[in-house]
Amino acid sequence: MDNVNKPTPLPQDKSSTDKPSLNEPLQSEPLQGKRLQAPKLEAKQLMVAKWLSLAPLYKLPVTLFRYVFLAIDRVLGLTKIEMDKVINLTVPVSTGTPLLGTISLNEHSASDSSHTIANRIKLRIYHPSSTKPQKTLVYFHGGGGVIGSINTHDHFCRYLAKHGNMNIISVGYRLAPEHKFPIPICDAIEAWNYINTNHQQLNINPQHIGVGGDSAGGYLACIIGLHSLQTSLPVQAKVKPAFQFLIYPMVDLQGLTESYRRFNKQLILTRDLMDYFRLKYLHSLDEVTLPLVSPLQAADISESPKSYILTLGYDPLRDDGIAYAQRLKAAGINTQHQHLDDCMHGFISITKLSARAKQATHNIAMGLNSFNE
């Protein structure tokens, strides 16, 4: 087990956290009795959420929503950090047709998939310094499997690379509704396999490659570490990740929790927006109970690598994320769970307006840095 340090918060961080060293004994309780949410969402985050609520995001056409998401990040998000080297490349993906048996796919979804190598996805590799870090994070962006891209998360990946002191490989998997479940999962697995197979050409250490992402990207990341869930897919992960880094992950699309029901206004992510993503990502809501859709429902997650998981006080995904952290710990997985009770889902995109959001983003990078020796 690697000897790693605790993440170091910026001064005056008053968020509730559960963050033992990854080498310390695990606790069975998710937050050790600490509060799940502050009395109020931090003021600047609330201001942005109210502004965005004037034209509800879930009413936007997908194409327009993708442009809006990028614009929000560029106007309100992190400043671009220069790297020692950034490499862009495309890799072939040959799969996408599921073998789920019990779930029949419509003709459109089946015809979108191909066993040829005609499809390609983008990778963007960030080397933060000329003295290459020993470890690498393969990163999947958020956006409900419907919006988001390498570009929407470019500044965030640069920030993680610099302050987390890691190489970052950002994956541009295909999106729904053009490419519905399980195509994004297959893309994620194929990208993971390509990176591990070509580690020498990519100049990364094959012994220290982890996987992570935010929201839907966290969902894709955790599935890569659960090989038993992949048997119904036409592709499986060939290597187990050295660690996983899950930022407010989307781990259950059933939408049955108190936080899912409660948070439906004046937030970036609301219940209505989650419903928008579910309907576009899935062929049918009958799929929500499948472990490949809702990994929290998997019978066994003990295959998971050592983990960092972040949950937030003001987030429809909060309760599922806390439950997943608790299950990881109960399964004996070396897990660091950090909970920020005064932040909302998507705060990494509004750091120019909210000092608290920028501080919390720094905490995330320090969580990644904790996986370094």
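Which residues lie nearest the centre of the largest cavity, and how many residues line it? The legends below take up this question along with other parts of the structure, which is a predicted model.

**Figure 1. The largest cavity and its lining.** The largest cavity is lined by 22 residues. Nearest its centre lie Phe69, Ile147, Ile268, His345 and Gly346. Its volume is about 280 Å³. Helix 2 (62-76) supplies at least two residues of the lining, and helix 9 also supplies at least two. In total, the structure holds 3 cavities of 30 Å³ or more.

**Figure 2. The whole protein chain.** The protein chain contains 11 helices and 8 strands. It has 373 residues, and 62% of them count as buried. Among contacts with a separation of 6 or more, 83% are between residues 24 or more positions apart. The chain exposes about 14500 Å², of which 53% comes from carbon and sulfur atoms.

Figure 3. Strands of a sheet pair through backbone hydrogen bonds, and the pairing can be parallel or antiparallel.

**Figure 4. The pairing of strand 5 with strand 6.** Strand 5 and strand 6 run parallel and are joined by 4 bridges. Gly213 has Leu246, in strand 6, as its bridge partner. Strand 5 spans residues 209-214 and strand 6 spans residues 243-247.

**Figure 5. Helix 7 and what covers it.** How many residues of helix 7 are buried? Helix 7 (residues 216-224) has 9 of its 9 residues buried. They are Ala216, Gly217, Gly218, Tyr219, Leu220, Ala221, Cys222, Ile223 and Ile224. An α-helix has 3.6 residues a turn, so residues three or four places apart point the same way. The cover over the buried residues of helix 7 includes strand 3 (136-140), strand 5 and strand 6. Helices also take part in this cover, including helix 5 (183-197), helix 9 (271-281) and helix 10 (318-330).

**Figure 6. The largest pocket.** The largest pocket holds about 360 Å³ of space. Its lining is made up of 20 residues. Of these, Lys122, Ser149, Ile150, Gly172 and Tyr173 lie nearest the centre of the pocket. Strand 1 and strand 2 each supply at least two lining residues. Which strand gives the most to the lining? Strand 2 does, with 5 residues.

**Figure 7. Two cis peptide bonds in one loop.** Most peptide bonds are trans. The bond from Ala176 to Pro177 is cis, with omega near 5 degrees. Pro177 is placed in the loop between strand 4 and helix 5. Phe181 and Pro182 are also joined by a cis peptide bond, with omega about 5 degrees. Pro182 is found in the loop between strand 4 and helix 5.

Figure 8. Most residues other than glycine have a negative phi. Ser215 is not a glycine, yet its phi is positive, at about 55 degrees. The loop between strand 5 and helix 7 is the place of Ser215. Is Ser215 buried or exposed? Ser215 has a relative accessible area of 6%, and therefore counts as buried, the limit being under 20%. Gln266, likewise not a glycine, has a positive phi of about 55 degrees. Gln266 is in the loop between helix 8 (258-262) and helix 9. With a relative accessible area of 36%, Gln266 is partly exposed.

Methods. Residues are numbered from 1 along each chain as its sequence is written. This is a predicted model: local features need pLDDT of at least 70, side-chain atom pairs count only at pLDDT 80 or more; totals for chains, interfaces and linings use all residues. Side-chain values use heavy atoms; hydrogens and water are left out. Buried means under 20% relative accessible area, exposed over 50%, partly exposed in between (1.4 Å probe, protein chains only). Contact means heavy atoms within 4.5 Å. Accessible areas come from the Shrake-Rupley method with a 1.4 Å probe; for residues, only the protein chains shown count as cover. Two strands pair if DSSP finds at least two bridges between them. On a 1 Å grid over the protein atoms alone, a cavity is a set of points where a 1.4 Å probe fits but cannot get out, and a pocket is an open set with protein on both sides within 12 Å along at least five of seven lines; lining residues have an atom within 4 Å of a point. Grid points are joined across faces, edges and corners, and a volume is the space filled by probe spheres set on the points.
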